[in-house]
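Please look over the sequence and the model first.

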Amino acid sequence: MLQVNHINTFIGRKKIVKDVSFRVNPGSIVGLIGPNGAGKTTIMKTILGLTKFTGKISVENKSVTENDHGALTRVGALIEHPAIYPFLTGLENLKLYSLDEADMNHVVSLLGMTSYINNKSKDYSMGMKQKLGIAIALLNKPQLVILDEPMNGLDIEATILIRKIIKQYAAQGSAFLISSHVLGELQKVMTNVLLITEGKIIVDQPIDEFNRVSHQQFRLLTEDMPATEKLFRDNRIPITKTDNYLLIARDQSYPVQDILYSHHIRLLELSPQGLNFEQTIVSLLEQQRRQNHEK
Amino acid sequence: MRTNLYREFYKFSHKKVTWFAPLLVLFLMVAFGFATGKDQPQLLAMTCYGSSEGILLTLIIVVSSIFSMEFQNHAILTVLYKSPSKHYVYLAKLIVALGYNLILHLGAILLTFVLTLTGIAKPISWLAVYQYHQPLIINMLTTSSVDFITATLLISIIFLTSCLINSNAVVVTLNMVIIFVGNDISYNFLLQNAHLADFARWNPFNMLDLTKQYYNQAMIQATSLTTFQLIIGASTYVLAFLMTGYLVFRKKRF
């Protein structure tokens, strides 16, 4: 479906996306996760041929370039803001891009927009505009849908509905690339995780595998936590601070015991710890930041 | 390309300003009719009741929004990725603007025929020989054609400034200044720098006097160019501005 090979994107002289490669297969829902400024939106824009890049992007084996969007005929996207003309009604906004009226009406009813679709979109609430933007992305039975923060401005009912629709389209073979800061929502739909920081992909895994690996951490408590923390930092042992504990990677569990013993710090607890999704992401980003800093 | 054109025409035709701005042309034509209709009815008919100024104003108001609506409504990304290439977007917008220009001129011709029947101005004979040893109706059609070139020059300037500046208000103001003050700047510059005239008379502001010079040949004193030279200059600038605008649009980061 979507194949991204070694792409680099520049803004001016600054490299924003650095040698990024990944695939999005039919029916998969890939969550593109990363902190602000990591390059998520730039990657999405690059896939849509909206920025200058090196490397290769193909959709259904057809190349996408900055000046040739022929491969994007069955790609839908919502990037940054919904593209809505306020002087048009919701339906007229959809008509601009729709190739199939029956499909357009299906999307309208699926998103529960029937009651206001003929009103001028300038009168829409933020959530209604967001739904219209998602509707534009879902038009024409897309093979690939790219959604940048799709849950922005949506109420809880709309969020649940969009989640259901995404799963429904994916079950029919559409592939999704979704970025969102609402990790909890993303976790409920995605089949694959793409974690990006400073323009580089640091995790590209199926969600099941990611969850399995991410649980391999240990929770640590000693009689002198400030001294322990300093000791680990001095010894370059990656740690994540929680309320009262330090989290360490499973493979560090033996070395840390040796270090603590040699510094006469009594170990009170060392137990396997399951991190939740958000904590895992934060921990991975912190580790990566530390590694980059050390380099 | 057909899809791009359909989208552009659809948006353009659904904007109220597209339909209301031409009322400005009608208003100015009627005002001109009352102002000069008794003294110079033939000149009034030749200039389509002075429709040129109204058409230029309308074009500034309407055409400048062709690009700015995409930026203001955050729609430019969708417009671009839904198009096979950036030049399709630019070309479709240009065709819509030129089509609107043509419709405004045809509308002005039609209104001129209607207004001559209303008695605002003294009665005229369309077949009487007036300027250039030609019947008045030919004078009027040629003036409209020449004005179409002047208006196209303005469209090319609007396209260039719209690609450089995202704000509609700034684009409108800048182009208003260009059409109302541009030719005065050119005239005064030529007057005070006679030694540079050979070169400076080809400046783009000078070309905006093309229509005026066609119906008032004394304008050659101000422009220092023949009407034919003005047509060549204006056409060259149209191409140069449109191509520069396209290059800016192509390189622009969205």
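In which loop of chain B is Tyr132(B) found? Tyr132(B) lies in the loop of chain B between H7 and H8. The model is a predicted one, and the predictor assigns the complex an ipTM of 0.82 and a pTM of 0.82. The points below are grouped by topic.

**Confidence and the two chains together**

- Chain B has a mean pLDDT of 90, and 100% of its residues reach 70 or more.
- Between the chains, 23 residues of chain A are in contact with 21 residues of chain B.
- On the side of chain A that touches chain B, the residues comprise 15 nonpolar, five polar and three charged.

**Chain A as a whole**

- Chain A contains 10 helices and 14 strands.
- Its C-alpha atoms fill a box of roughly 75 × 40 × 30 Å along the principal axes.
- Of the 295 residues in chain A, 39% are buried.
- When contacts in chain A between residues at least 6 apart in sequence are considered, 70% of them join residues at least 24 apart.

**Helix packing in chain B: H7 and H8**

- Two packed helices are described by the angle between their axes and the distance between the axes.
- In chain B, helix H7 (residues 86–116) packs with helix H8 (residues 136–164) at an angle of about 150°, and their axes are 10 Å apart.
- Because angles over 145 degrees count as roughly antiparallel, H7(B) is roughly antiparallel to H8(B).
- The crossing of H7(B) and H8(B) is right-handed.
- On the H7(B) side, the residues that meet H8(B) include Leu94(B), Leu98(B), Leu102(B) and Ile109(B); on the H8(B) side, those that meet H7(B) include Met140(B), Phe148(B), Ile155(B) and Phe159(B).
- By class, the contact of H7(B) with H8(B) holds 11 nonpolar, five polar and one charged residue.

**Helix packing in chain B: H3 and H7**

- H7(B) also packs with helix H3 (residues 22–36) of chain B, at an angle of about 35° and with the axes 11 Å apart.
- The crossing of H3(B) and H7(B) is right-handed.
- From H3(B), the residues Pro22(B), Val25(B), Leu26(B), Met29(B) and Gly33(B) meet Leu104(B), Gly107(B), Ala108(B), Leu111(B) and Leu115(B) of H7(B).
- This contact has eight nonpolar and two polar residues, with no charged residues.

**Loop residues with a positive phi**

- Most residues other than glycine have a negative phi.
- Tyr132(B), although not a glycine, has a positive phi of about 55°.
- Tyr132(B) has 13 other C-beta atoms within 10 Å and is therefore partly exposed.
- Glu80(A) is likewise not a glycine and has a positive phi, of about 65°.
- Glu80(A) sits in the loop of chain A between strand E6 (75–78) and helix H2 (90–95).
- Glu80(A) counts as partly exposed because it has 15 C-beta neighbours inside 10 Å.

**Another loop position in chain A**

- Val182(A) is placed in the loop between strand E8 (175–179) and helix H6 (183–189) of chain A.
- Since Val182(A) has 14 C-beta neighbours inside 10 Å, this residue counts as partly exposed.
- Val182(A) and Leu138(A) are separated by 44 residues in sequence and by 21 Å in space, C-alpha to C-alpha.

Conventions: Residues are numbered from 1 along each chain as its sequence is written. Chains are lettered from A and ligands numbered from 1 in the order in which they are written. This is a predicted model: local features need pLDDT of at least 70, side-chain atom pairs count only at pLDDT 80 or more; totals for chains, interfaces and linings use all residues. Two residues are in contact if their C-beta atoms, placed from the backbone, lie within 7 Å. Ala, Val, Leu, Ile, Met, Phe, Trp, Tyr, Cys and Pro count as nonpolar, Asp, Glu, Lys and Arg as charged, and the others, Gly among them, as polar. pLDDT is the predictor's confidence in each residue, from 0 to 100. Axes are lines fitted to C-alpha atoms, for helices over the stretch in contact, and angles run from 0 to 180 degrees between N-to-C directions. Helices (H or I, at least four residues) and strands (E, at least two) are DSSP runs, numbered from the N terminus. Angles under 35 degrees count as roughly parallel, over 145 as roughly antiparallel, 65 to 115 as roughly perpendicular and the rest as oblique. A crossing is left-handed if the near helix is turned anticlockwise from the far one by less than a right angle, and right-handed if clockwise. A residue is buried if 20 or more other C-beta atoms lie within 10 Å of its own, exposed if 12 or fewer, and partly exposed in between; C-beta atoms are placed from the backbone.
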